[in-house]
Amino acid sequence: MSLTQQMTPYGGPPGRRRRTFLLAVAALVLIATTVGITLAVTGSGDHTQTAAPTPAPTRFGIPSPQPARTPTAPGPILLPHPARTAPNGVPLGFPHTPEGAASAAIRWSPLTVPAGEDRQIGVFRTIETDKAFARDAAALHADYRAHPPAADDWSTNTPVALRILPTADARRATVAVLATLQVGNSTGVTSTRPWQSAFYLVWQDGDWHLEDIEDVPDSLKVSSSSDPEKYLTAGWEEFQLG
């Protein structure tokens, strides 16, 4: 299945595989801006779609993901504040705990969407392991050459929930992130859809680093990231940034 097919609702859900998040989002931007339609989001046995609130487009800032709590929901997971910020604005310095890894994944997720080649490559150079960056930098360069974005294209990624998945090694962490992904251009928003991805992190040189981004387990997938009842029922958890 081609990358474009994977990013449309007509190609069906892709199997578990290594997916470069940045290329998948770039493909969605290309589809949304050239076709000019709002993609329908379909789930297994659920064909409803709830429009998510429209955040102000931002290429370089980090949205403030503070999902609203529902009356019956348990308390949100408190995510620790990063200790420092890299010169390019990427938060770093997270505790060596599952919550520290989750804080890194939540804060990095908005920065992984296309925001100009140099900016995006700089983000991945900052957060990835050397091995992962060597793999993804080449893919990024190639994708920008093959699909140069229009000057007025923009995309945002706003996390709304997470799930810390169990791992047997304290030096590794897997954090599923549920976000609302929006793309658009100078005319406004052209597509809004949920984005569900699993961040694989490794503890290295005194901080968490990104190794890969893959699909989340099927049990966590939801058809609408804007409906707390749906994503909480599916096993996602709310969070609060410390």
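This is a predicted model: local features need pLDDT of at least 70, side-chain atom pairs count only at pLDDT 80 or more; totals for chains, interfaces and linings use all residues.

Student: OK, how confident is the predictor on average, and what share of the residues score at least 70?

Tutor: The protein averages a pLDDT of 78, and 69% of the residues reach at least 70.

Student: Where does pLDDT stay under 50?

Tutor: One stretch is residues 1–22, where the model has 55 contacts beyond four places in sequence. Another is residues 31–72, with 95 such contacts.

Student: And the secondary structure, how many helices and strands?

Tutor: Six helices and eight strands. Going along the sequence, the pattern reads α-α-β-β-β-α-α-α-β-β-β-β-α-β.

Student: What fraction is buried?

Tutor: Of the 242 residues, 50% count as buried. The accessible surface is about 11,100 Å², and carbon and sulfur atoms make up 56% of that. As for contacts with a separation of 6 or more, 67% of them are between residues 24 or more positions apart.

Student: Let's do the sheet. Which strands are in it, and in what order?

Tutor: It's an open sheet of four strands, ordered β4-β5-β6-β7, with antiparallel pairing. β4 (154–165) and β7 are the edge strands, each pairing on one side only. On average, neighbouring strands are turned by 35° against each other, ignoring direction.

Student: How many bridges between β6 and β7?

Tutor: Seven, in the antiparallel sense. Q204 has D207, in β7, as its bridge partner.

Student: What lies across those strands?

Tutor: That's α3, which lies across β4, β5, β6 and β7 and runs at about 165° to β4.

Student: Is α3 mostly covered or mostly open?

Tutor: Mostly covered, with nine of its eleven residues buried. Among the buried ones are G100, S103, I106, R107 and W108.

Student: New topic, the largest nonpolar core. Which members touch the most others?

Tutor: L79, V90, W108 and L201, out of 32 residues in that core. Several elements supply at least two residues each, including β1 (77–79), α4 (117–127), α5 (130–146) and β8 (239–241). The largest share, six residues, comes from α3.

Student: What does L201 touch, skipping residues up to four places away in sequence?

Tutor: Its contacts include A101, A104, A105 and W108, along with R171, R172, A173 and V175. W208, H209 and E211 are also on the list.

Student: What lies apart from that core?

Tutor: Another core, of eleven residues, with L165, A198, L220 and W236 among them.

Student: One last thing, Q196. Where is that residue found?

Tutor: Q196 is in strand β6.

Student: Why does Q196 count as buried?

Tutor: Because its relative accessible area is 15%, and the cut-off for buried is under 20%.

Student: What's in contact with Q196, leaving aside neighbours within four places in sequence?

Tutor: V177, L178, V216, L220, K221, V222 and W236. L220 and W236 are also members of that other core.

Student: And how far apart are Q196 and V216?

Tutor: They're 20 residues apart in sequence, and 6.3 Å apart in space, C-alpha to C-alpha.

Technical notes: Residues are numbered from 1 along each chain as its sequence is written. Side-chain values use heavy atoms; hydrogens and water are left out. A nonpolar core is a set of buried Ala, Val, Leu, Ile, Met, Phe, Trp, Tyr and Cys residues joined through side-chain atoms within 4.5 Å. Buried means under 20% relative accessible area, exposed over 50%, partly exposed in between (1.4 Å probe, protein chains only). Contact means heavy atoms within 4.5 Å. Accessible areas come from the Shrake-Rupley method with a 1.4 Å probe; for residues, only the protein chains shown count as cover. pLDDT is the predictor's confidence in each residue, from 0 to 100. Two strands pair if DSSP finds at least two bridges between them. Axes are lines fitted to C-alpha atoms, for helices over the stretch in contact, and angles run from 0 to 180 degrees between N-to-C directions.
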